[in-house]
Amino acid sequence: MPIVRLDEATIRRIAAGEVVERPASVVKELVENALDAGARSIRVEVAAGGRELIRVRDDGYGIPAEELSLAVERHTTSKLQSFEDLTRLASYGFRGEALAAISAVSDFEIASCPRAAPHGARLRVRYGRMGRVEPIGLPPGTVVTVRELFATVPVRRRFLRQDATEVAAIQRVVAALALAHPEVRVELVVDGRTVLATTGSGHLADALVGVYGADVAAQMVPLEALEGGDIAVHGAIGLPSVSRANRQSLFLLVNGRWIESRTLVAAIEQAYHTLLMVGRYPVGVVAVSLPPEQVDVNVHPTKREVRFADERAVAAAVHEAVRRTLLAHVPNQPPPVVSFAPLQPPVLQRRLLVADPSRIGSAPAPVPAEPPAVQDPDRSDGASRLPVLRVLGQVRQSYIIAEGPDGMYLIDQHAAHERILLERLLEQLEGQDVERQQLLEPLVLELSTTHLEVLERYAADLERLGWDVEPFGGASVRVRAVPAVVQRNIERVFTAVLDDLASGGRGATPLEQVAISTACHSAIRAGQELSLPEMRELVRQLEQCRAPNACGHGRPTVVHLSTEELERQFGRR
Ligand code: ADP
Ligand code: MG
């Protein structure tokens, strides 16, 4: 084929793919433009996950009518004259690409009115075809309306997730920018409902209320300021009582910009170590300030990653600030405070629980006393679920005593926790994505020949379950990440897993063997004292297990003494 010059429309569409990945990236670009324009108030509106409509209205300084068409062309920006400016840049935009990209893949309109202008102007661009600039009356500021995003890019459109997922991503973008700018009023309206609104008072505390809601904000505390040295850390974090099931509610700012950094997130999570249950994540906004020459923000313009001159020092500062704050507010390291999520609807009233290990796995559910109509088909094993239990105490630091609607329960804390972790691992495996925790400092281990052999044989399975281990010369290996269920004693857990695998392991497949062994050695052990809230949380999680009655090795987790049995034992009947 001869070499030809691509036409402008094609070039634009290719470029658009890089800037505009999904509705949330459009929202981010538009809100950043509004912030760059000095807006005091920004309103974001989306419909149908941003696919049908994204509209961002601001009261910034606007664009003169004669510059409108320039603004949507590529590499046009008012923010940068030369490359030297790049290093000292205070604005978000500078590549002059966003509007060009967005208008290439949507039915786009920009309307703007500079503060001093008698009236405004608007320009419509349909999938890259520019219309004419027309006068229009509107208050000072800019309104960008994006409809039918990706309508002409079917591949991209097909790759969009469900509305709810896109909305969650949009919400995260708007929340992050609102928290980075407490001085700007930010509102997000999703399908006609306001889901986030800050006051623009300039106080972080008010922005927290707007973003997280009053209940959560009330359980957040300002970070103990870390002064001295080049790195300062500010912000606010949630007490352990407001943890979340994912990492979407934690925001990092570096010199006022929202960034993503696995290393810093890991540092924060480690500071919460032992304060949050496994699988729970902190909320908060952690803002790092450091001399601009120590951070490169231009690593990846759309992915929000930055490069630090000394990443370890930044991570250490963040860890220190969070840890100190937590210790100040959570004295004596109390157990995690538990928030009770609503339980699954009680599926069946009663069931004799496993007292005989041989029945595990094959145990047929007793005839349901109620029609099984409420049962979720995916959870046909729901018949074996536990009823809601009330924790009474601990025996021999190994067994939890609890009361249920039909008598007394004794729960083996180790077996129960193992079951919980195993189900979590298997569930994540089904979702293709086992959660892993990056180690701040990789762990270097010297392995025996047997262990090295096992490691080689099970490498793929270990990897799929979240163990990131690489050879490190000779008999040494380096553990870089571990499954998130492994919360402590990484070295012990890892070698115990290798031991298990060396002796054949349990489970039908190698993958299952690794999962069972990982769960077993990560679980709390017998002989460990648990506080009441810890026991409650454990029991609550066990109640939600699909097969709560046996651990991965098939040992029972629960022994049940029915009311009748108790009465019989005491000669009451
Ligand atoms: P960049 O932000 O990188 O400069 P954009 O394509 O996002 O590139 O925007 C191009 C130009 O359009 C900006 O430099 C700015 O001058 C103008 N502009 C875009 N959005 C707004 C807005 N909301 N208010 C004022 N000017 C804007
Ligand atoms: Mg921009």
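Mentor: The structure holds 22 salt bridges. A salt bridge here is a side-chain nitrogen of Lys or Arg within 4 Å of a carboxyl oxygen of Asp or Glu. This is a predicted model: local features need pLDDT of at least 70, side-chain atom pairs count only at pLDDT 80 or more, and totals for chains, interfaces and linings use all residues. Residues are numbered from 1 along each chain as its sequence is written, chains are lettered from A and ligands numbered from 1 in the order in which they are written, and side-chain values use heavy atoms, with hydrogens and water left out.

Take aspartate 107 and arginine 124. Their side chains meet in a salt bridge, at 2.8 Å from N to O. Aspartate 107 sits in strand S3 (residues 107–113) and arginine 124 in strand S4 (residues 120–126), so the bridge ties together parts that are 17 residues apart in sequence. Strands (E, at least two residues) and helices (H or I, at least four) are DSSP runs, numbered from the N terminus. Aspartate 107 is buried, at 11% relative accessibility. Arginine 124 is partly exposed, at 40%. Buried means under 20% relative accessible area, exposed over 50%, and partly exposed in between (1.4 Å probe, protein chains only).

Next, aspartate 468 and arginine 480. The closest N and O atoms of this salt bridge are 3.4 Å apart. Aspartate 468 belongs to strand S21 (residues 468–471) and arginine 480 to strand S22 (residues 476–483), so the pair ties together parts that are 12 residues apart in sequence. Aspartate 468 is buried, at 13%. Arginine 480 is partly exposed, at 33%.

Glutamate 463 and arginine 436 meet in a salt bridge at 3.7 Å, N to O. Glutamate 463 lies in helix H13 (residues 459–464) and arginine 436 in strand S20 (residues 436–446), so this pair ties together parts that are 27 residues apart in sequence. Glutamate 463 is partly exposed at 37%, and arginine 436 is partly exposed at 22%.

Some bridges join up. Arg43, Glu45, Arg55 and Glu187 are linked in a network of salt bridges.

Now the pocket. The largest pocket is lined by 41 residues; Arg22, Arg172, Gln248, Glu260 and Arg304 lie nearest its centre. S20 is among the elements that give two or more residues to this lining. H6 gives the largest share, 6 residues.

Methods. 1 Å grid on protein atoms, 1.4 Å probe; cavity = no way out; pocket = protein on both sides within 12 Å on 5 of 7 lines; lining within 4 Å.
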